[in-house]
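User: Could you take me through the strand pairing and the salt bridges of this model?
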Amino acid sequence: MTEVSVVICARTLDRWDKLKRAVGSVSTQTRAPRDIVVTAAIQQARERNQKP
C-alpha cells in the first residue's frame with residue numbers, strides 16, 4: 001500500500017481552530033497518513049522584525 005505524508009501550511013495563528021480541525025480531519029481519513037507536518041511562517045513575527 002502507498003504511504004503518504006501531509007503538509008499543512010499556516011501563515012498566522014489567527015485561524016488556530018481551523019488548523020486543529022484540518023489536522024484532525026487528515027488524521028481520520030480512510031488511509032491515515034504516515035506523517036502530518038504543520039509549518040507555521042507566522043506573519044506577525046515577520047512584520048515586527050522588518051525595518052521601516
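Predicted model: local features only at pLDDT ≥ 70, side-chain atom pairs only at ≥ 80, totals over all residues.

User: How do strand 1 and strand 2 run, and how many bridges join them?

Analyst: They run parallel, and 6 bridges join strand 1 (residues 5-10) to strand 2 (residues 35-40). Strands are DSSP runs of E with at least two residues, and helices are runs of H or I with at least four, numbered from the N terminus; two strands pair if DSSP finds at least two bridges between them.

User: Which residue in strand 2 is the bridge partner of Val7?

Analyst: Val37 is the partner of Val7.

User: Changing topic, how many salt bridges are found in the whole structure?

Analyst: The search finds 3, a salt bridge being a side-chain nitrogen of Lys or Arg within 4 Å of a carboxyl oxygen of Asp or Glu. One of them joins Arg34 to Glu3, with the closest N and O atoms 3.7 Å apart.

User: Which parts does that pair tie together?

Analyst: Arg34 lies in the loop between helix 1 and strand 2 and Glu3 in the segment before strand 1, so the pair ties together parts 31 residues apart in sequence.

User: Which residues are linked in a network of salt bridges?

Analyst: Glu3, Arg34 and Asp35 are; Asp35 meets Arg34 at 3.6 Å, N to O.

Conventions: Residues numbered from 1 in each chain as written. Heavy atoms only, no water.
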